[in-house]
Number of protein chains: 2
Amino acid sequence: MSRAPKTHLIRDTNDRAALDLMLSDGPVTKTRLGELVGLSKVTAGQLLTRLGDRGLVQVVGTQQGGRGPNAALYGVVPSAGYVAALHIGPDQITASVADITGTELATGELDPHEASDPVEAVRATVANATERAGITIEQLRCLSIGTPGMIDPRTGDIRFANDLPDWRAGVLEDLRRSFQRPILIENDVNLAGLAEQSAGATHGVKDSVLAWIDRGLGLAVIVDGRLHRGAGGGAGEIGYLAVPGASTPHGTDSPQHAAFQSLVSVEAMDTLARAFGLSGDGVGCVRSAVEGDPDAEPFLDELARRLALGLAGICVVLDPELCVLAGEVGRAGGEVLAARVQKAIASLGPNVPTVVPTAISGDPVLRGALQIGLDTARDEVFSNQG
Amino acid sequence: MSRAPKTHLIRDTNDRAALDLMLSDGPVTKTRLGELVGLSKVTAGQLLTRLGDRGLVQVVGTQQGGRGPNAALYGVVPSAGYVAALHIGPDQITASVADITGTELATGELDPHEASDPVEAVRATVANATERAGITIEQLRCLSIGTPGMIDPRTGDIRFANDLPDWRAGVLEDLRRSFQRPILIENDVNLAGLAEQSAGATHGVKDSVLAWIDRGLGLAVIVDGRLHRGAGGGAGEIGYLAVPGASTPHGTDSPQHAAFQSLVSVEAMDTLARAFGLSGDGVGCVRSAVEGDPDAEPFLDELARRLALGLAGICVVLDPELCVLAGEVGRAGGEVLAARVQKAIASLGPNVPTVVPTAISGDPVLRGALQIGLDTARDEVFSNQG
DNA sequence: GCCCTACTGTAAGGTTCCTTTACAGTTACC
DNA sequence: GGTAACTGTAAAGGAACCTTACAGTAGGGC
């Protein structure tokens, strides 16, 4: 350990606790801040003066009502820093810009086919969003990016993303060089899991999983309140999961033709719907079934059974408290599908989680990306090192 | 956050860091302690005086060599506390007594059929071990117990243990009443995983799993350096894992006839050995194969293939860095089996951990139980509350 | 054999950070 | 109009750590 003055540590900790508190609970008075952080009124006042001098907090109003003078309310200065978050999909790139308080200022979009390479695509989308937000790219403290594929947790770089041919190892370095600031790349499903945890169905739950059922299949694993990425960033790649009734997967081919992926996913469900004599695509049939169409009932049961086959294995390994169904299929299936999946899991093993549909509105991947971007931006802006 | 004097926290932290350091690195001088904990020589001296007054550390010798006066070496007082650890098996109960430094003083054994109930069995075995260690039961700060079955992480009580009919919910309460001190009950496979992590193959590894292949089948999941128990304590009950090629499990029957358990385990291997025309039991055949018997080769290959079918699913979900094969089969299979399992996993999915045999000698369950017992005893003895 | 260097261990004084106490000033309620 | 409850600041104090200083001890070089 460093021989550094250890007493600074406690002040830094208190400063950061106060900032986090103002971010989560909104503006507070000196006295209330002291109570919440565990400091005396006097020390809380000194703390706020200090943060005010650094330009991080300001008086944002006065508290009305109650006896005595109207206490000043202190809040975090929104312009202390900005972040940009992106969701990279095969056919669309979405960006969102927010200030340090987490307030979303503007969004931007781009068709990736319009850009020659990832760096150009990111730069164009971010430029679009920052312009609408009325800030410059230079004011961004951090860029966070959600993509399909596997990210190496050691380097933070992409290992491979099947659906995005241009996004391969080295992209991180290119982006860092181009933007000259922290860049975070994270798997899209993992980000959806983080979004669910910070503002959705798994909020406050220690151990949970989020199953992403869409074109691809994925799983976000939350253990003890933290996202588990795995040694090589491959945790949750359940498209490859061997499931009884599917053909045994082989090698590291695309999971499209392997295992769990062959049973569920949007494509597999289209096929399944036809097999049940239904018209329309799989997701449409899920919606019909949820809305009460009796013809689509057996189809929904079979879908629940298939999902349970894979999820039961996951529950046997992890025993999560909660299992969220997300992605287009999870959202379409809603409470009805979730209840059936839970029942089917119960028939397959001893560990039965509560199964629920996602509770995030909007794009959960973008939301999660914003989350991790804000986390690192705050670490940077609020730290006393700079 | 309590309004309590926050400044005590830093002193307590330093005291504890010093104690942990003396436990892991052995006796140290004042000056060296200061360097390692990050304190000045003066403060380190005050710290040691304080801990000496509390009877926790003492001078255990002097450092020879080097200039100047021979510095006094300070170490933790072994008699500051004792713990007992137990491993409950269907046919044998083993106990081990250690002092607060982790030095094992004595062991004891008992045939559980000699005792009328769990409390009696534990009391008799512990009495045996403490007597041999030259201490009394009253000197024990904590008892830790490893059993098969599921433990509820909320209450710490047993939910059920198929192999131990007398060990059921309520045992924890009975033991607490009888011994009037902290009692910890933990799943045996989880304890083996902890032992492996603190002194075995997964030492220093953040994400790992330990597969226990014996009469029963189990998995210890270590995520980010910490044991993952699951919401209901059911994480790692992989006997129920659905695996292609095994019959689909059903309900919460004993896993004996279900899924992964039906493919591997000592009994399944006996059957498998006969099917391959081998004489002797399954474990014996594993040993023969490892020692180079060509007739047993195909048997070992099939065993590795079966293990990989289940482990591949686990790797797809968790992507561990290391996978340990433990239990009687894992130990017998050694490096040879581990290498084949790793190769087989590589053919089944994208996440391939390093597969190794257990590196713990002796009873890993007892070792793990001692570990958690020492952890809580130290928390208690070293805390400043009492 | 002597001196220098490097180390131990303690004493004295200083810094940082937080706390309590005190008080002047402000507002709501009775 | 008085009292109670609150805000915000000033002054004094305590807890924990730090540096500096110094007396004393052991090894190494000449």
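## DNA strand C

Four residues come from α1(A), the biggest contribution to the surface near DNA strand C; helices (H or I, at least four residues) and strands (E, at least two) here are DSSP runs, numbered from the N terminus. This is a predicted model, in which local features need pLDDT of at least 70, side-chain atom pairs count only at pLDDT 80 or more, and totals for chains, interfaces and linings use all residues. Residues are numbered from 1 along each chain as its sequence is written, chains are lettered from A and ligands numbered from 1 in the order in which they are written, and side-chain values use heavy atoms, with hydrogens and water left out.

Both chains have a hand in this surface: α1 (7-25) and α3 of chain A, plus α2 and α3 of chain B, each supply at least two residues. In total 22 residues surround DNA strand C, with A:His8, A:Ser40, A:Thr43, A:Pro69 and B:Lys41 the closest; a residue is near a strand if one of its heavy atoms lies within 4 Å of it. They split into seven nonpolar, ten polar and five charged (Ala, Val, Leu, Ile, Met, Phe, Trp, Tyr, Cys and Pro count as nonpolar, Asp, Glu, Lys and Arg as charged, and the others, Gly among them, as polar).

A:His8 puts a polar side-chain atom 2.6 Å from a phosphate oxygen, while A:Ser40 uses a backbone N or O atom, 2.9 Å from a phosphate oxygen. B:Lys41 goes for a base instead, with a polar side-chain atom 2.7 Å from a base nitrogen.

## DNA strand D

Over on DNA strand D, 23 residues surround the DNA, and the closest are A:Lys41, B:His8, B:Asn14, B:Ser40 and B:Pro69. The largest share, five residues, comes from α1(B). The elements that each supply at least two residues are α2 (30-37) and α3 (41-53) of chain A, together with α1 (7-25) and α3 (41-53) of chain B. By type, this surface has eight nonpolar, ten polar and five charged residues.

A:Lys41 has a side-chain N or O atom 2.7 Å from a base nitrogen. As for phosphate oxygens, a polar side-chain atom of B:Arg11 lies 3.3 Å from one, and a polar side-chain atom of B:Thr43 lies 3.0 Å from one.

## Where the chains meet

Chain A and chain B put 54 residues each into their contact (heavy atoms within 4.5 Å). The area buried between them is about 4,100 Å², with carbon and sulfur atoms giving 58%; buried area is the accessible area (1.4 Å probe) that two parts lose on being put together, summed over both.

There are two salt bridges between the chains (a side-chain nitrogen of Lys or Arg within 4 Å of a carboxyl oxygen of Asp or Glu). One of them joins B:Asp224 and A:Arg226, at 2.4 Å from N to O. On the chain B side, the elements giving two or more residues are α1, α2 (30-37), β11 (217-223), β12 (226-228) and α10 (297-318). α10(B) gives the most, with five residues.

Notes:
Polar contact = N/O pair within 3.5 Å; in protein donor to acceptor, adjacent residues only side chain to side chain.
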